[in-house]
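Me: Please take one part of this structure and go through it slowly. I would like to know what it pairs with, and then what a few other places look like.

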Amino acid sequence: GASLWRRYAAVALLLAVVIGLGWWLRPVAVHAPIGERATVALADGSTAELNSGSRLVYRRALFGWHPFGEGSRHVRLEGEAFFDVAAAEEPFAVTTFNSDITALGTQFNVRAWSDTPDPSTNVVLTEGRLRVAARRGAERSAVMLQPGEMTQILADRPPAAPTPAAVQKALAWRTGGLRFTEAPLAGILAEVERRTGVSIEVASEAIRTARLALFVEQFDRAETVLEMIAQ
């Protein structure tokens, strides 16, 4: 009768709430496809521009509540992104495979590929102030960046002391460029593959580990970079 239908309705409503809650609490993952860039607009007004092949993960807030202890301005990055952070009292946090980066309102670039020959997180600050710390290690030491400075965290080491950065070259990827300083050829070619979708094979391990500096103002074909390397 009516009582049974009310029970069915209550069960259906509860099931819908549970399913909806489960969907809401699931992390949001945004992936920039190979050969493309993607821009993510976050709920706090901040934006993240992702380089090709990069992945950004964050959680939605449930009426301002974060059940996993992460603030509303916490994201995880695998790859490279340029962040334009909206000013707010709550810090904006970026986690990579080996670093924690904290800002209030600022602009900065993060490059953090864990599967390269030299796994590292590289941070360049263009505006504001930034705290960069190692995720692991006994000291968990941190450095503070000023505009125009950069730091690097290699593997589980402490962050390197801040040094002047070639900001425009570091951000060359945003306008289709490419820039490496004394990097293994394998890492450079991996970036070219992500940016163009072309698979590149190098037979010699000695060549793969050879280091070189490379700056290309703009390119859209893998051959353009390969010809420069071969010179």
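Reply: Two strands pair if DSSP finds at least two bridges between them. Helices (H or I, at least four residues) and strands (E, at least two) are DSSP runs, numbered from the N terminus. This is a predicted model, in which local features need pLDDT of at least 70 and side-chain atom pairs count only at pLDDT 80 or more, while totals for chains, interfaces and linings use all residues. Residues are numbered from 1 along each chain as its sequence is written, and side-chain values use heavy atoms, with hydrogens and water left out.

The part to look at is strand β6, residues 92–95. Phe-92 and Val-94 point one way from β6, and Ala-93 and Thr-95 point the other way. All four are buried, where buried means under 20% relative accessible area, exposed over 50%, and partly exposed in between (1.4 Å probe, protein chains only).

β6 has a parallel partner in strand β5 (residues 74–84), to which 3 bridges join it. Thr-95 of β6 is the bridge partner of Arg-76. With strand β7 (residues 99–103), β6 runs antiparallel, and 4 bridges join the two. Here Ala-93 stands opposite Thr-102 of β7. β6 and β7 form a hairpin, with 3 residues between them.

β5 comes up again around helix α3. It is among the elements that cover the buried residues of α3, including also β8 (107–113), β14 (178–184) and α5 (222–230). Helix α3 covers residues 185–196, and because 9 of its 12 residues are buried, it is largely enclosed by the rest of the structure. Among the buried ones are Leu-185, Ile-188, Glu-191 and Arg-195. The expected span of a helix is 1.5 Å times one less than its number of residues; for α3 this gives 16 Å, and its end C-alpha atoms are 16 Å apart, which agrees. Just after α3, Gly-197 takes a positive phi of about 80 degrees.

Ser-120 lies in strand β9 (residues 120–127). Ser-120 counts as buried because its relative accessibility is 9%. Leaving aside residues up to four places away in sequence, Ser-120 touches Phe-97, Asn-98 and Trp-113, among others; contact means heavy atoms within 4.5 Å. Its side chain also makes a polar contact of 3.0 Å with the side chain of Asn-122. A polar contact is a pair of N or O atoms within 3.5 Å; within protein, one must be able to donate a hydrogen and the other to accept it, and residues adjacent in sequence count only if both atoms are side-chain atoms.
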